[in-house]
Each structure stands twice: as structure tokens, then as C-alpha cells.
Amino acid sequence: MDDPTFHSPNDRIKLNVGGKLFETTVSTLRSGEPDSLLSVLSSRPTPDPNPLFIDRDPEIFSVLLSLLRSNRLPSTARRFSKQELADEALYYGIESQLKSAMSPRPFDGIDASIVATVRPASEGFASAFTTGAGDGSVWIAHGGQISSYDWNLIHTATIRTHLEHVTSIARVYSELAALGSETAAGLHFYNFSGGRNVGSVHWRDPSDPRIFKARVSAITNSPSSVFASFHCPHKENSILVIDKSTLQIQSELGRQSGSSAKNLVPGKLTWLPETGVVFASSVTCGAFGFSGYIRLWDPRSGDVVWETNEPGSGRSGRFGDPFADVGVDVEDSKLFKVCSKSGDLAMADLRSLKEDPWIYLQDNNPSLRTTSARGNIVLHCYNKQVFVGRDGGLEVWSKVPNSKNAALEKESGVCEGLYRRNYVDKEEDSERGVIEKIEGGGQRLFVCRQDAEGIEVWESSDSSTVVSLL
């Protein structure tokens with residue numbers, strides 16, 4: 001006997017959605033997830049002549065049906081909010097198709113603009129944030145609360161912690177956040193689904209009375225471990241390695257004492273997947289200018305595999321021009337620093353580090369050259385690009401295609417033609433406030449400014465293929 005639920009891909013199916021008739025094919029309904037509602041409906045027995053009634057909005061269904069047919073959102077999608085589209089896509093089981101259609105194009109700082117500002121409802125000033133998951137979602141700390149926004153930048157949850165002021169945050173798992181505070185001791189883990197504290201880690205040493213009330217400055221994580229830098233009131237500091245599965249301390253890296261620039265707590269931590277080492281850096285500014293260090297720790301041996309300190313001797317210190325900030329390009333295995341006096345950008349290859357690894361990048365456009373550094377400087381690497389915030393201005397350094405012949409290193413250690421520099425923002429954007437933090441994720445760039453409410457969301461434009469709903 002023939003299977004009454006069998007349909008050929010070109011068989012037609014009629015649906016009555018909210019009183020409006022739709023006719024489509026089996027292949028269109030099955031182009032979504034195999035366990036979606038629409039895929040299930042496509043297997044209805046053929047003898048049934050009556051269109052199946054679905055009590056949902058027919059206008060939004062029309063948009064989603066068009067998405068299944070073409071893998072693109074029609075222009076009519078602009079009539080609906082992101083929340084309305086997401087809710088209906090979730091009902092029909094085609095959220096992944098909607099997510100793919102609404103995802104930003106690959107981020108290019110040269111062609112980027114602000115598409116939204118995410119503002120926590122209860123308190124607009126962000127004290128920390130993390131993109132973490134790489135899907136364009138973001139978690140924002142504001143005061144003692146944490147708010148999560150999904151890939152669509154729709155608010156999904158807000159939890160209140162026992163901390164008064166969260167100043168560092170990292171995404172450990174999809175629903176688990178690691179939090180630190182400059183006003184309270186310990187590293188604390190909060191579960192978003194339950195809104196509760198599921199564990200805490202404190203740096204203690206009964207044999208050393210100076211190790212007490214240790215607070216967290218920076219957090220990063222690998223697939224199996226969380227790394228957090230702790231510091232005590234008397235300047236003792238260390239990086240703790242915490243097992244993700246047990247949330248217990250595994251080991252300790254590089255205990256340091258004293259307040260000299262070479263021994264301060266790392267303010268940035270990044271795990272490098274290619275080598276398995278941890279990048280740690282510290283930068284401070286005093287009466288005599290900037291000073292700091294970069295260290296690469298191997299958590300397996302507990303040893304430093306490479307380090308540099310500035311101000312230093314020789315070309316690496318640029319004769320009294322130490323770095324104001326540093327960052328690491330995980331995708332391209334490069335280190336970058338921006339000099340505090342000249343404002344120059346320098347690069348070092350992580351695969352061939354030496355005592356003096358820096359190559360100083362020279363811009364070919366005279367009108368864009370930085371003759372001196374000014375104010376607050378922030379550096380962040382994303383999508384094989386280097387973003388530099390200078391006070392309120394945002395610029396991008398991107399690779400020049402086919403630049404092998406042009407990228408000639410000079411005797412002075414300057415490389416011309418390898419990277420080009422452009423402004424990401426317009427003049428009016430730079431007046432929004434001093435940039436405090438930059439982080440990329442999910443083909444978006446998130447920017448936090450001093451005394452400004454919310455987090456700016458930047459995306460690259462592509463009017464020919466994307467319907468913007470932000």
C-alpha cells in the first residue's frame with residue numbers, strides 16, 4: 001500500500017494562516033529544520049483536501065514563506081519588529097533560517113556604521129560587557145546586574161548578582177557567566193537560566209597573610225579552563241587557572257609582589273588557541289608617562305615563554321615611546337601595540353617572537369598620519385583588523401591586498417604598505433564620548449564610551465543583500 005504521507009518535492013500544499021490562504025510546495029516547507037512545524041505539516045496525508053488552519057499572523061507568515069523560498073528577507077519585513085519576526089520564526093521552527101538571513105555581513109571597519117545602541121533598561125551605563133559566543137549576542141554588566149541580548153539584540157534576561165559593581169565579565173558557557181569586581185573579592189559564576197550564583201573562587205594562601213581580599217581584574221577562558229587575574233590590597237597578584245567542569249582552582253601562574261610596572265596585575269588576558277598559551281598585559285600611566293609589560297604564559301608548564309617590558313632598551317622601547325595599549329589578533333597570530341607619544345602602531349608575529357620583534361606600520365596617506373598620541377587610547381583586534389580608539393575617534397588598520405611587494409621593511413624597522421588606516425566613524429560620532437572599550441563578535445563591533453548610556457553596535461553595510469531591521 002502506498003504511504004499516504006509521501007509527497008514529492010513539487011507537490012503543492014495549501015495552508016490557511018489567520019484566515020488567509022497560502023499555496024506552496026513540499027520542498028519549500030521542508031527547506032527549514034527537519035523537525036520544524038512546517039516540515040511536519042508537509043507530511044500530512046494527501047487525501048485531506050482541506051487547508052490546515054494555523055491561528056497566526058498571515059502577514060508575518062508571508063515574510064517567512066518568502067524567506068524559505070529565497071533564503072532572503074523581502075522588503076516587507078521592514079514593517080515588523082525584530083521581536084515579532086523572531087517570535088513567529090521560533091513558533092514555526094525556522095529560527096536558524098531567520099538568523100542566517102538577518103546576520104550581518106563580514107565586518108569591515110572601512111564600511112561600518114552604528115546600527116543600534118543597546119541600553120540596559122534599569123541602568124543605562126555599562127560597567128563591563130562581553131560578546132563571547134561569537135553569534136552577535138552580548139552580555140552587559142550594569143551596576144550589580146547582568147543583562148543578556150541575543151543574536152538579534154533582543155533582551156532575553158536580567159539577573160541581579162550579590163555584587164554592587166561588576167567590572168569584568170566573560171562567557172564561560174552559553175548560560176554561565178564569570179564575574180569579577182574591583183570593589184569585592186573573588187571570581188563568581190552565575191547561571192542565567194536560574195539567575196543564581198553556582199560557584200565562587202577566591203585566591204587565598206594561609207602561609208602568606210598578604211594574600212587576602214583578592215579582586216579580579218581580567219578574565220578569559222579556553223575550552224577547558226577559566227583564567228582570571230587577581231590582585232590584593234598590598235599589590236600581590238597572580239593568574240589563577242580554574243577548571244571549567246568543577247569550577248575549582250587547578251593552578252597558579254606567576255605570583256608577583258610589589259607596585260612596579262613590571263609586577264602589576266594583568267589588565268588584559270587572552271587565551272591563544274593556536275599555541276595554548278595565555279597572553280597577559282599590563283599598562284599604567286604615571287608622572288613619567290606610560291609603562292607596562294606583555295607576557296605569554298604556558299599554563300601547562302607554568303612558565304613564561306616570552307615577555308617584553310616598556311620602557312625598554314633598544315628599538316623595542318622606541319627611545320622613550322612605550323605602548324599605551326596592546327592587543328592580540330588570535331586569527332592572524334599577531335601582536336599589536338600603539339605607542340603613547342607618537343601614536344604609531346606596531347606589529348609582531350607571534351610565530352617568530354624575539355627580543356625585538358616590532359615592525360612599525362607606516363600609513364601611506366599623509367592626511368591620516370598620526371603625528372602624536374592624544375588622550376585615552378584603546379586597541380582591539382577583530383576580523384584580522386586592528387581598531388584603535390583615540391579619545392572619541394575610532395580608526396581601523398586593515399591589511400592591504402597583494403601587499404607583498406609594497407611591504408618593504410626599512411632599516412629603521414618601519415613597514416610601509418602592509419596595512420592601511422582609515423577612520424571608522426564620522427566627526428559627529430567621535431563627539432559621543434571617550435572610548436573605553438572595544439570588542440568584536442558575530443560580525444559586529446561593540447563600543448563602550450565614558451559617561452554614555454548603553455553599548456554602540458557597529459555593522460558593515462550591504463544594502464543589496466541585507467534588510468536592516470535594527
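1. Welcome to this chain, which has six helices and 33 strands. Helices (H or I, at least four residues) and strands (E, at least two) are DSSP runs, numbered from the N terminus. The model is a predicted one, in which local features need pLDDT of at least 70 and side-chain atom pairs count only at pLDDT 80 or more, while totals for chains, interfaces and linings use all residues. Residues are numbered from 1 along each chain as its sequence is written, and side-chain values use heavy atoms, with hydrogens and water left out.

2. Some overall values first. Of the 470 residues, 51% count as buried; buried means under 20% relative accessible area, exposed over 50%, and partly exposed in between, with a 1.4 Å probe and protein chains only. The accessible surface of the chain is about 21,600 Å², and carbon and sulfur atoms hold 48% of that. These areas come from the Shrake-Rupley method with a 1.4 Å probe; for residues, only the protein chains shown count as cover. Contact means heavy atoms within 4.5 Å. Among contacts between residues at least 6 apart in sequence, 52% join residues at least 24 apart.

3. Now to a helix pair. Helix 3 (residues 58-70) packs on helix 4 (residues 82-92) at an angle of about 70°, and their axes are 10 Å apart. That makes helix 3 roughly perpendicular to helix 4, a label for angles of 65 to 115 degrees; under 35 is roughly parallel, over 145 roughly antiparallel, and the rest oblique. Axes are lines fitted to C-alpha atoms, for helices over the stretch in contact, and angles run from 0 to 180 degrees between N-to-C directions. Helix 3 brings Ile-60, Phe-61, Val-63 and Leu-64 to the contact, while helix 4 brings Glu-84, Leu-85, Glu-88, Ala-89 and Tyr-92.

4. Stay with helix 4 for a moment. Its buried residues are Lys-82, Leu-85, Ala-86, Glu-88, Ala-89 and Tyr-92. What do they pack against? Their partners are strand 1 (12-17), helix 2 (37-41), strand 3 (52-54), helix 3 and helix 5 (95-102). Just after helix 4 comes Gly-93, with a positive phi of about 80°.

5. Four of them form an open antiparallel sheet in the order 9-10-11-12. Strand 9 (168-173) and strand 12 (196-201) are at the edges with a single partner strand each, so one side of each has no neighbour in the sheet. From one strand to the next, the twist averages 25°. Strands count as paired if DSSP finds at least two bridges between them; strand 9 and strand 10 (residues 176-180) have five, in the antiparallel sense. In this pair, Ala-170 stands opposite Ala-178 of strand 10.

6. Strand 18 (residues 277-286) runs antiparallel to strand 19, with nine bridges joining them, and the two form a hairpin with two residues between them. Ser-282 stands opposite Tyr-293 in strand 19. Strand 19 (residues 289-298) is largely enclosed by the rest of the structure, because eight of its 10 residues are buried. Seven bridges then pair strand 19 with strand 20, again antiparallel, and Leu-296 stands opposite Trp-306 in strand 20. This hairpin has four residues between its strands, and Gly-302 in the turn has a positive phi of about 80°.

7. Leaving aside neighbours within four places in sequence, Val-305 is in contact with Val-277, Leu-296 and Asp-298.
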